[in-house]
Amino acid sequence: MTSRYRSSESAVRADSLSPSRRTVVKAAAAGAVLAAPLTAAPPAGAADAAPAFLHGVASGDPLPDGVLLWTRVTPTPDAVPGSGAGPDTEVSWVVARDRAFTNIVAKGSTTATAGSDHTVKADVRGLAPATDYWFRFSAGSTDSPAARTRTAPAAGAAVAGLRFGVVSCANWEAGHFSAYRHLAARGDLDAWLHLGDYIYEYGTGEYGTRDTVVRPHAPAHEIVSLADYRIRHARYKTDPDLQALHATAPVVAIWDDHEIANDTWSGGAENHTEGAEGAWSARQAAAKQAYFEWMPVRPAIAGTTYRRLRFGKLADLSLLDLRSYRSQQAALGNGEVDDPERTLTGRAQLDWLKAGLTASDTTWRLVGNSVMISPFAIGSLSAELLKPLAELLGLPKEGLALNTDQWDGYTDDRRELLAHLRANAIRNTVFLTGDIHMAWANDVPHNAGTYPLSASAATEFVVTSVTSDNLDDILKVGEGTVSTVAAPLIRAANRHVHWVDTDRHGYGVLDITADRAQMDYYVVSDRTDPDATSSWARSYRTRSGTQRVERSYDPV
């Protein structure tokens, strides 16, 4: 590619984002303790201290002609995240074709302010498609670390293959982020997908850690305010393994509930007490503002995370926001899950998704999906018995859902979407999912009650958690103990489930060609060990045109 210089005015839009339950007593006490260092006088010489890049650099949302760059600068020692302190600081950025920055193709600058918690974004355009670049930021005499990013292929390009890391659910207190380190070490990713729960909102010791806090949260209390969310994001961004992965490839991220509060829905959350923890609208707005400040994500429609990216003619990726519009979760085991007035996606987002799947001209249609779409039910009966019994007793028509926070709790949205796939003969739709802290490989049947005789509408690959508790952690038994018993029972009751691992932590690597989409599942040896090793566990793939999952006996 011919070297091209792009000025800040012609190549970039820099974003400076501006502001828009149970642990109240504990939170107030912790807040009083934390307030002191945030409001204390700056240390001697602070005004003369050089700026620092303490939270790494990152890129995200790759386009054929550009990518979003991110960093956070600490201009003075007192300008800690969430403090509101620190001067306006000019931050410049540069993009090059080589790591030595001898072939510079774009550069510019923007201003970091306390109003955006001294985070900055540069939406760089004018780059070449499917190309590796290096970038860094500078403030005063300080340069940030250099990082690699990559643009997406041209929209009409014939792409031989794509490779994405896939992760979700990283509880800081439960362990170390070795999964990120092993993904970063690969060096072969076009991008990596974070499918939600990038951070957790709980106070120290309040969320599953096998009763052992490996490393404490900051702040120590449950996060509620804008300053709280900023501090929590900042703590995560100090992790060396997370910094390494962000410096290796662009991320494509969506939020789930813990970026805000457990079991978030449009009007509240399970882990929010209205009044005692302030107004839900204020907490939600604070969480979303901090998310967009601290993540290399472009705010999409109405400030949500649903948007679509394209990777040549091989794949497009529809990214969902399944928290901003959903109805409140139904009570376990009642017929509300079938109520057509209740929604997971919201009308506009579901219409957007259906239209995008219909219009897609790529070989594969990937859907970034924060909660599992495949049915997971108990009490399964034959279709002939289930329907009249469900109507008589007011039970869910697709069996007794075990988790109404998933698509199982919003069956009308799921039926509409799967019927749309069938009616329009839309093939090669693959849902990529997190949330459940287990690894799954599923067909997504039109009718779970008659599967496998009924057709499968799509396939789904669910990745396990990076560190968050799964079943063996909750029960405090040895790894593999629960899976040995539970996996055969789950598969017997849910015949569309090809594989489930209830016990291990790790990540996925999705490899796509025109012929197949394959998920390689990797596990880490010990989430509490910062030097944990990684090993391949299983692989599953779906061949083009089949809408079915099958086992592959080797990783790509």
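1. Let's start with two helices: α4 passes α6 in a right-handed crossing (the near helix is turned clockwise from the far one by less than a right angle). Helices here are DSSP runs of H or I with at least four residues, strands are E runs of at least two, and both are numbered from the N terminus. A quick word on the model: it is predicted, so local features need pLDDT of at least 70 and side-chain atom pairs count only at pLDDT 80 or more, while totals for chains, interfaces and linings use all residues. Residues are numbered from 1 along each chain as its sequence is written, and side-chain values use heavy atoms, with hydrogens and water left out.

2. Two packed helices are described by the angle between their axes and the distance between the axes. Here α4 (residues 226-236) and α6 (residues 280-294) pack at an angle of about 35°, with axes 8 Å apart. The axes are lines fitted to C-alpha atoms over the stretch in contact, and angles run from 0 to 180 degrees between N-to-C directions. Contact (heavy atoms within 4.5 Å) involves residues including Tyr229 and His233 of α4 and Ala286 and Tyr291 of α6. By class, the contact has 8 nonpolar, 2 polar and 3 charged residues. Ala, Val, Leu, Ile, Met, Phe, Trp, Tyr, Cys and Pro count as nonpolar, Asp, Glu, Lys and Arg as charged, and the others, Gly among them, as polar.

3. How covered is α4? Of its 11 residues, 9 are buried (buried is under 20% relative accessible area, exposed over 50%, partly exposed in between, with a 1.4 Å probe and protein chains only). Among the buried ones are Tyr229 and His233, which also take part in the contact with α6.

4. Now look at the backbone. Most residues other than glycine have a negative phi, and most peptide bonds are trans. Yet a cis peptide bond joins Ala218 and Pro219, with omega about -10°; Pro219 sits in the loop between β11 (191-194) and α4. Another cis bond joins Tyr451 and Pro452, with omega about 10°, and Pro452 is in the loop between β21 (439-445) and β22 (456-462).

5. Check two positive phi values as well. Ala130 has phi near 50°, lies in the loop between β6 (119-124) and β7 (132-139), and is partly exposed at 35% relative accessible area. Cys169 has phi near 65°, lies in the loop between β10 (162-167) and α3 (178-186), and is buried at 1%.
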